[in-house]
Amino acid sequence: MKQGILLCGHGSRRKTGTDAFKKLVALLKKRYENEYEVDYGFLEFSHPLYEAAVERLYEKGVRKIYALPVILFAGSHAKNDIPYEMNTIQSYYPDLEIKMGTHIGVSSYLLDLSKKRIEEQEALLPPIDRKECGLMVIGRGTTDPDANSDVHKLAAMLWEGMGFGFTSVAYSGTAYPSTAEALPMFEKLGMKRTYVIPFFFFTGVLLERIYETVEEFNKDSTTEYVNTKAFGSDELIMKAFDERLDQAKNGMANMNCQMCKYRKQIIGFEEEEGKEQIGHHLNVKGILFEEDEKVDEKKGVMKTVKNILGI
């Protein structure tokens, strides 16, 4: 059976963000080309949508697809939107199997890459003892405390592993504190330097806002605030995808539901237990046109389904 990999991106309002994603896709295509057909799609804003990517794979003879979310933490995109999309699309094809991989999450490779990004910035600056430096880890931020807690876990491991004087977490949105709210807190600590590491794959609107907020705060600060680069397409990210693909193939790609607000009553989120998990991004699917990628998804899928059914 011919097998494929679908890289499930989120989509960006910035061309720089989609270009960086496509760079990752190109590297993974080359990495897996001997065993798999590799394609990609986006949840919102950008083209192609997942439907079009699945159709392209199907027309190449692929009958089993491993859908790998290019998502760092398990918020609603990883728990709700992408699984909902994959289940819906799979229902169009009687002979197609789509197996979901898990998001990157708490990964030794992500931890190693975070350390690498911090050390890259350290090497460019006059040395300061890490005990006199702070570390601000910035996550995307979700309404799911379980996903946010993964950011805290990685932050704690960086703190203890690298020996910073203080480490805490902020978010680009949704969760508290925001970057703008966290910076004054750090200022009160009196650190000589604070490294700000955004946990983001690629550049985009949110990352640009983080950099702008930090740069503006730096103007009147007694502490030096230093941004690190996005994770990008580093080899350590490639290894993380190798790991998630292996788990999907061998039936170990399970979402961590131990502290999931949809599975148990979590303090402050009791009303979320048992809530239907469905996608909620239909209003922004593919709204930014990339004509070279544009596909009439519904027309294409219906054409493929008719061919399958012989009608």
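## Nonpolar cores

The largest nonpolar core comprises 47 residues, and those with the most contacts inside it are Leu7, Val137, Phe199, Ile237 and Phe241; a nonpolar core is here a set of buried Ala, Val, Leu, Ile, Met, Phe, Trp, Tyr and Cys residues joined through side-chain atoms within 4.5 Å. Helix α8 (residues 235–249) supplies the largest share of this core, seven residues, where helices (H or I, at least four residues) and strands (E, at least two) are DSSP runs numbered from the N terminus. Apart from this core lies another, of 20 residues, among them Val62, Ala67, Ile89 and Ile98.

Not counting residues up to four places away in sequence, Phe199 touches Leu72, Phe73, Ser114, Val137, Ile138, Val151, Leu154, Leu158 and Phe231, contact meaning heavy atoms within 4.5 Å.

## Basis of the values

This is a predicted model, in which local features need pLDDT of at least 70 and side-chain atom pairs count only at pLDDT 80 or more, while totals for chains, interfaces and linings use all residues. Residues are numbered from 1 along each chain as its sequence is written, and side-chain values use heavy atoms, with hydrogens and water left out.

## A buried asparagine

Asn148 is found in helix α5 (residues 145–162) and counts as buried because its relative accessibility is 12%; buried means under 20% relative accessible area, exposed over 50%, and partly exposed in between (1.4 Å probe, protein chains only). Leaving aside neighbours within four places in sequence, Asn148 is in contact with Gly141, Thr142, Tyr171 and Ala175.

## Salt bridges

The count comes to 21 salt bridges, each defined as a side-chain nitrogen of Lys or Arg within 4 Å of a carboxyl oxygen of Asp or Glu. One of them joins Arg31 to Glu235, with the closest N and O atoms 2.9 Å apart; this pair links distant parts of the chain, Arg31 in helix α1 (residues 15–32) and Glu235 in helix α8, 204 residues apart. Arg31 is partly exposed at 33% relative accessibility, and Glu235 is also partly exposed, at 40%.

The side chains of Glu224 and Arg193 meet in a further salt bridge (2.8 Å, N to O), which connects strand β8 (residues 224–227), holding Glu224, with strand β7, holding Arg193, across 31 residues. Glu224 counts as partly exposed at 32% relative accessibility, whereas Arg193 is buried, with a relative accessible area of 2%. Elsewhere, Lys115, Glu119, Glu122 and Arg130 are linked in a network of salt bridges.
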